[in-house]
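Visitor: Could you walk me through this one? I'd like to start with the ligand and then look at the rest.

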Amino acid sequence: MTELIRRSLRDSKAARWGALGIISITMFAGYFLTDVMSPLKPMLETEFGWSSTSYGIFTSAYGWLNVFLLMLIFGGIILDKMGVRFTGLLSSFIMVIGAAIKYWAITNPTLVDHTIWGIHAQVFLASIGFAIFGVGVEIAGITVSKIIVKWFKGYEMALAMGMQMAVARLGTMLAIAAPVPLAMYFSNIHTQVVNGELVEKMGPSISAPIAFALVLLVIGFIAFFIYVGMDKKLDASEAANGEEAEDPFKFSDIGQIVTNKGFWLIAFLCVLFYSSVFPFIKYAADLMVNKYGLDQQTAGIIPSLLPLGTLFLTPLFGGVYDKIGKGATMMIIGAVLIIFVHTIFALPILNTWVVAVILVIILGIALSLVPSAMWPSVPKIIPEKQLGTAFSLIFWIQNWGLMGVPLLIGYVLDKSNPQVAIAKAQGLEVPLYDYTNPMIIFAALGFLAIIVSLLLKREDRIKGYGLELPNIQK
Ligand SMILES: NCCCC[C@H](N)C(=O)NCC(=O)O
C-alpha cells in the first residue's frame, strides 16, 4: 500500500541538496566577479590613474540598471511569470555578457587616454559591463531564493539558504584574497599611466583575475542547464503527485506586497544592513593599507576573514532559526554588531592589525546572523506566488544602497583627503588616506539598522508573522 504513495522529488534529501549544490556553483561565480576588483583598488590607481571617485563610480555601477531602469523589478515579474528555469538561464547569461564587457574595458589600453561624458573611458566602459553584470547577478539571486523555497519549504529552508550563501561567500572570500597574487603572477608589459602620461611598462596584470572570473561564470552558466533538468523532474513529480499548481502571478499582487508593513521593514533593514557591509568590503583592502599599514600584497588577507567566518556561521545560524526560531532577535544582534565594528574602525586609535582581525571576524558574525534570519523570514511575511516579486522589490531597494554608498564613500574619501590628488598630480609619493569619515558613514547605517530591526520585532509581535518561531514544521 505504502508503495502506492507517490512522493515529490523534493522529499528526497539527495535530490534537494543536489539541486542546491548545482545552483550554488552559479552564485559562487557571480559573487566572485562582484568583488574581484576590491583588492585591486590601489593597483587601479597606480596602473591606470583611477581616483577614489573613479573607483566609487565603477563600484556603484553595479546598481545603475537595477535601480534606474527597474531591471530588478522586471526580473522579479519575469521570474513569477516565466518561472525559475527561464529566468535562471537568462540571468546567468547576462552575467557572462557583463563580465566580458568589463574584461574588455580593463584589457583595452587605448581607453586609458580617453574620456566619455567627462568620465575616464576605461572607468565608464568597465562600469557599463559591471552594470549589466549587476542585473544578471541580482536576478540570479532572487531566482535562487525562489528555487530554495520551491525545494525546501517545510524542510531545512534556512539551513539551505545559509549553505547557498556560504558557497557564495566563498566566492567573495576568493575575490578578496586571490586577485592581487593572480595579477602579480601574470605581470606583463602593458600601457600604464605614469604622472598623467601613457607609458609601456612592466606591471601587474589587472585583467588576469577578471579573466578567471569570466571562466567561472561560463561554468556557472553551464551548471544552470543541469539544474533545469532537475527542475523539470521536480515539476513532473509534483504533477504526478496531484499537487495543485500555484495561482498565477497577477499585477495586483504588487499592491498587496507594498501595502504590507512587514515587507517595508525587511526591505529597509536589508538596504541599511547590506549598505554597511558590501560597500565596506569594496574598500576594506584599501582600509588595511591606509589605516593598518599593511602592504598591497597582503592587504586582502584580513578582509577575506570576513566571508571565511560566514562559511560556517551562516549555515549554523540558519540551522538555529530552523530548529529554535528567534529570527527577529538574530537580526537585532547583527545590527548591534555592525555599529560596534564600524565605530571602532572610525576611531583614530587602535591602529594595529590584530584589532582589524578581531573587528573583521565580528563583522563576519553579523554578516552570518542577519542574512540567515532575514531571507527565510520573507516567506513568512509574503505568500509564495508573490515571492519572486517581493524578493526583487527588496533587492531593488537594497540596490539603491549598493549603488549610492560606494559612490558616496569614494567621494568622501577624495574630499577628506585632498593631499592625495595633489601628490598624484605632482608625481610625488602618494600619502595615506584618512578613513575616519567613510567609517562614520558606515557606523551611522548600522545605527539606523538597529532601529528598523527593533521595529520589525515589534511588528512581528503585532501581526504574528512567526519570525521568532522555528521554520521546521513538526
Ligand atoms: N556580493 C553580491 C551581492 C548580492 C546581493 C544580493 N542582492 C543579496 O543581498 N544577496 C544575499 C546575500 O546575503 O548575499
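**The ligand shell and the chain around it**

Guide: This is a predicted model, and in it the residues of the shell around the ligand divide into seven nonpolar, three polar and one charged.

Visitor: Which residues are around the ligand?

Guide: They are Tyr31, Thr34, Glu138, Gly141, Met165, Ala168, Tyr274, Phe278, Pro371, Phe395 and Gln398.

Visitor: Switching topic, what radius of gyration does the protein chain have?

Guide: The protein chain has 22 Å, which agrees with the value near 23 Å that a compact globule of 474 residues would have. Taken along the principal axes, the C-alpha atoms fill a box of roughly 80 × 40 × 35 Å.

Visitor: How much of the protein chain is buried?

Guide: Buried residues make up 56% of the 474 residues, and of the contacts with a separation of 6 or more, 86% are between residues 24 or more positions apart.

Visitor: What about confidence, in the protein chain and in the complex?

Guide: The protein chain averages a pLDDT of 90, with 95% of the residues scoring at least 70. Over residues 1–5, however, the pLDDT is below 50, and this stretch has zero contacts in the model beyond near neighbours in sequence. Where pLDDT is low, predicted coordinates should not be read in detail. For the complex, the predictor gives an ipTM of 0.94 and a pTM of 0.86.

Note on methods: Residues numbered from 1 in each chain as written. Predicted model: local features only at pLDDT ≥ 70, side-chain atom pairs only at ≥ 80, totals over all residues. Near = placed C-beta within 6 Å. Nonpolar A, V, L, I, M, F, W, Y, C, P; charged D, E, K, R; others polar. Rg over C-alpha atoms; globule rule 2.2 N^0.38 Å. Buried ≥ 20, exposed ≤ 12 C-beta atoms within 10 Å, placed from the backbone. Contact = placed C-beta atoms within 7 Å. pLDDT = per-residue confidence, 0-100.
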